[in-house]
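This report describes one protein model. It begins with a single residue and then moves to the sheet, the cores and the ring contacts.

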Amino acid sequence: MTAIELQDFLHVYSMISFRDGRKEPGLLLNKYDAVLQQVRFYFIPQAEMQAYKTAFDRYDREVCNRILQPVEPTQILGVRPVSLSDYKMILQLLHDRNQELSQMR
């Protein structure tokens with residue numbers, strides 16, 4: 001995808017399809033890199049969204065930067081926004097899976 005095509009999907013919970021075959025739920029966002037004088041794109045995976053929000057609320061730039069995964073627009077094949085009801089269902093499925101995995105240990 002191009003940077004222009006990604007603009008409509010920034011900060012929208014979505015299922016992201018990557019060129020390497022991965023499909024992951026999460027957020028895309030962009031930040032201006034003053035050193036490079038360009039806009040950079042980042043991916044926050046679903047599993048890290050709450051940690052990022054907490055770090056962002058606390059102005060903990062170090063944690064935020066550690067969570068953000070740089071991504072080039074050309075590495076993104078597609079973005080499919082997920083509705084709030086789908087999002088809640090995904091969270092429930094992840095919660096159920098995590099409970100099953102913890103019981104197996």
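Is F43 buried or exposed? F43 is buried, with a relative accessible area of 1%. Buried means under 20% relative accessible area, exposed means over 50%, and partly exposed lies in between, using a 1.4 Å probe and protein chains only.

This is a predicted model, in which local features need pLDDT of at least 70, side-chain atom pairs count only at pLDDT 80 or more, and totals for chains, interfaces and linings use all residues. Residues are numbered from 1 along each chain as its sequence is written, and side-chain values use heavy atoms, with hydrogens and water left out.

## The sheet

Helices (H or I, at least four residues) and strands (E, at least two) are DSSP runs, numbered from the N terminus. Two strands pair if DSSP finds at least two bridges between them. Strands of a sheet pair through backbone hydrogen bonds, either parallel or antiparallel.

Here five strands make an open sheet with antiparallel pairing, in the order β4-β3-β2-β1-β5. The edges are taken by β4 (69–71) and β5 (76–81); each has a single partner strand, so one side of each is left without a neighbour in the sheet. From one strand to the next, the twist averages 45 degrees. Such angles run from 0 to 180 degrees between N-to-C directions, and the axes are lines fitted to C-alpha atoms, for helices over the stretch in contact.

Strands β2 and β3 pair in the antiparallel sense over eight bridges. One of the bridge pairs joins D33 to Q38 in β3. The two strands form a hairpin with four residues between them, and Q37 in the turn has a positive phi of about 55 degrees. On to the next pair: β3 (residues 38–45) is antiparallel to β4 over three bridges. There F43 stands opposite Q69 in β4.

S17 is found in strand β1 (residues 14–18). With 17% relative accessibility, S17 counts as buried. Contact means heavy atoms within 4.5 Å. Not counting residues up to four places away in sequence, S17 touches R22, K23, Q75, I76, L77 and G78.

## The nonpolar cores

In soluble globular proteins, nonpolar side chains tend to be buried together. A nonpolar core is a set of buried Ala, Val, Leu, Ile, Met, Phe, Trp, Tyr and Cys residues joined through side-chain atoms within 4.5 Å.

The largest nonpolar core has 14 residues, and those with the most contacts inside it are Y13, L29, I44, Y52 and L68. At least two residues of this core come from each of β2 (23–33), β3, α2 (49–57) and α3 (61–67). Helix α2 gives the most, with three residues. I44 touches P25, G26, L27, L29, M49, Y52, I67 and L68, not counting residues up to four places away in sequence. Apart from this core lies another, of 11 residues, among them L28, F43, V71 and V79.

## Rings and charges

Rings of Phe, Tyr and Trp (its six-membered ring) pair if their centres lie within 6.5 Å; planes under 30 degrees apart count as stacked, over 60 as edge-to-face and the rest as tilted. By this rule the count comes to two aromatic pairs.

| Pair | Centre to centre | Angle between planes | Class |
|---|---|---|---|
| F18 and F43 | 5.2 Å | 80 degrees | edge-to-face |
| Y52 and F56 | 6.0 Å | 25 degrees | stacked |

F18 lies in strand β1 and F43 in strand β3, so their pair ties together parts that are 25 residues apart in sequence. F18 is buried, with a relative accessible area of 4%. Y52 and F56 both lie in helix α2, four residues apart, about one turn of the helix. Y52 is buried at 13% relative accessible area, whereas F56 is exposed at 51%.

A charge sits over a ring if NZ of Lys or CZ of Arg is within 6 Å of the ring centre and within 35 degrees of the ring normal. R22 lies over the face of F18, at 4.0 Å from the ring centre. The charged end of K31 sits over the ring of Y42, 5.8 Å from its centre.

## Positive phi in two loops

Most residues other than glycine have a negative phi, and most peptide bonds are trans. H11 is not a glycine, yet its phi is positive, at about 65 degrees. H11 belongs to the loop between α1 (3–6) and β1, and is exposed, with a relative accessible area of 56%. Y59 also has a positive phi, near 60 degrees. Its place is in the loop between α2 and α3, and Y59 is exposed, with a relative accessible area of 73%.
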